[in-house]
Amino acid sequence: MSPRRWLLADQLGPHFVDDDQPVLLVEAKALFRQRPLHRQKAHLILSAIRHRAAELGERALLLRTETFRQALSQVTGAIEVCHPPSRAALRFARSVEGLSILPPRGFMTSFDEFAQWADGNRRGPLRMAAFYRDARRRHDVLLGTLDAPPPSANRPAPPPSDRRIPPVPEIEEDDIDAEVRRDLDRWTAEGIRFIGRDGPRRYPATHAEADARLQHFLRHRLAGYTRQVPMSTQDHVLAHSQLSSSFNLGLLDPAPAVRAAEAAGRTGNVPPAAVASFVRQLLGWREFLWQLYWYFDPAYRSPNWLIANEPIPDWFLNLEADALQAHCMSDALGAVRDRAWAHHAQRLLLLGNYGLQRGWRPAELADWFQRAFVDGADWVMNATVIGMSQYADLARIDTRPYAVSGVQIDDGSDYCGNCCYDPVRDLGEGACPYTAGIAAFYQRNRARLGGDARLLEHVTSDVTDKDRLDAIAAQEAKRASTAP
């Protein structure tokens, strides 16, 4: 008899288990006690685990215990698990006597392949673009007529004026979801805390639901998928797939999705640049972030690179979007509160940018992103928040701080027209928190950042006017803990 495969909460798709193999699924209540998760994220995790158990029927053993160790102690016979998604989970798996750890699944590049590429690339920092070129070559992806570079991401395109896109396939909650909601209500009464609003389940909990969303995206939204993503109050999805949680739960396998995008491009109905942009996210960024997490040791985090020692204020931690006057931040934080999701432009240009400008602690911000977003995972947020967003990784992810002013936010969104703040102003009444914030950020870190030309493009004040920059910094320090 084959070993029982323990499926972790990010390993719930068909490609994580072999034919007729017995399966173990565990709900460990302690995981939800450790720190407050978004209520919708907690619901999705439990719903996905229980739906997978129901799909597998008698092959699945579903245990609901306080800890994972308690569950494993109840299982007889050999147990194996695919490579866990975090260092903490891997340490635990290695501490369980007799538990066999298999190579990762759900990624297209192996650890050995990445190490071979990275170890042979010692002439400079590891860059995603170079890795992506190597991955495309190894997997024979987009090497023909569809080989078009994605458009520049320096300036977002304006919001589209006319979008005739059918709504995504609806998620139909069932008895399992109802049971999950009752359990979460009971846990809340027992003192387990969640953040964000409850609501109908918005994201796939099964492979079938996720595949339906993928097919809809390929047919109706892929054609508009480029790196030039605007921000709009009229459409919070735009051309985004909203499939990140499905990939991170393991409901979808990236390899077939990449091939399906290539096939869609060959129909002639999807621009090559759109196909290239989507494939770049899966085969490029997603794989690169996963590999970097394991390639570098935990010393990857370098909190002293920039001056970033400020605690995150409660209004941000608790998703108090209605307390905000800044239209853009209110909309982005409200999206997290209501949907446990915001697209990457909102994450980088609004949420992460605001914390970077004010020197919030990068590790705490990464933890918040992981807890508050339905697709949050340690291996994702370690790189995208600490590295790309907060520039606290010695430039291993990005070559400059991801900081922009209100002027750039205005250029790529419809937020600023109805806002009480003026995106051009950085000092005095009506000064935009982002335009003032980037000037204060530069003044605080100018010794480290020097004359970074790309950063200075976003600072509207004269950087040689020290008195003005000091006044802006004092202004921002005074309102640092208040909601913008």
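Let's start where helix 5 (residues 111–119) and helix 11 (residues 272–295) meet: their axes come within 10 Å and cross at roughly 80 degrees. Here an axis is a line fitted to C-alpha atoms, for helices over the stretch in contact, and angles run from 0 to 180 degrees between N-to-C directions. Helices (H or I, at least four residues) and strands (E, at least two) are DSSP runs, numbered from the N terminus. Helix 5 and helix 11 are therefore roughly perpendicular to each other; angles under 35 degrees count as roughly parallel, over 145 as roughly antiparallel, 65 to 115 as roughly perpendicular and the rest as oblique.

Before we go on, please note that this is a predicted model, in which local features need pLDDT of at least 70 and side-chain atom pairs count only at pLDDT 80 or more, while totals for chains, interfaces and linings use all residues. Residues are numbered from 1 along each chain as its sequence is written, and side-chain values use heavy atoms, with hydrogens and water left out.

Which residues make the meeting of helix 5 and helix 11? On the helix 5 side they are Phe111, Phe114, Ala115, Trp117, Ala118 and Asp119, and they meet Phe288, Trp290, Gln291, Leu292, Trp294 and Tyr295 in helix 11. Contact means heavy atoms within 4.5 Å. By class, this contact has ten nonpolar residues, one polar and one charged. In this scheme Ala, Val, Leu, Ile, Met, Phe, Trp, Tyr, Cys and Pro count as nonpolar, Asp, Glu, Lys and Arg as charged, and the others, Gly among them, as polar.

Now follow the chain to helix 18 (residues 433–449), which packs with helix 14 (residues 344–358) at an angle of about 40 degrees, the axes being 8 Å apart. Helix 14 and helix 18 are therefore oblique to each other. Helix 14 passes helix 18 in a left-handed crossing; a crossing is left-handed if the near helix is turned anticlockwise from the far one by less than a right angle, and right-handed if clockwise. From helix 14, residues including Leu349, Leu350 and Tyr354 take part, and among their partners in helix 18 are Pro433, Ile438 and Phe441. The residues of this contact divide into eight nonpolar, three polar and two charged.

Helix 18 also meets helix 20 (residues 466–478), where the axes come within 8 Å and cross at roughly 115 degrees. That makes helix 18 roughly perpendicular to helix 20. Again the crossing of helix 18 past helix 20 is left-handed. Among the residues in contact are Pro433, Ala436 and Arg446 of helix 18, with Leu469, Asp470 and Glu476 of helix 20. This contact has eight nonpolar, three polar and four charged residues.

On a 1 Å grid over the protein atoms alone, a cavity is a set of points where a 1.4 Å probe fits but cannot get out, and a pocket is an open set with protein on both sides within 12 Å along at least five of seven lines; lining residues have an atom within 4 Å of a point. Grid points are joined across faces, edges and corners, and a volume is the space filled by probe spheres set on the points.

How many cavities of 30 Å³ or more does a search of the whole structure find? There are five. The largest cavity holds about 110 Å³ of space. It is lined by 14 residues, and Asp10, Phe16, Arg105, Gly106 and Phe107 lie nearest its centre. Helix 9 and helix 11 each supply at least two residues of this lining, which has six nonpolar, five polar and three charged residues.

About 80 Å³ of space lies in the second largest cavity. Of its 13 lining residues, Cys328, Cys416, Cys419, Tyr421 and Cys432 are the closest to the centre. Helix 17 (406–411) and helix 18 are the elements that give two or more residues to this lining. The lining of the second largest cavity divides into eleven nonpolar residues, one polar and one charged.

Finally, turn to the second largest pocket, with about 1200 Å³ of space. Its lining has 46 residues, of which Leu31, Pro85, Ser86, Ala89 and Gln370 lie nearest the centre. The largest share of that lining, five residues, comes from helix 2. By class, the lining of the second largest pocket divides into 28 nonpolar, eight polar and ten charged residues.
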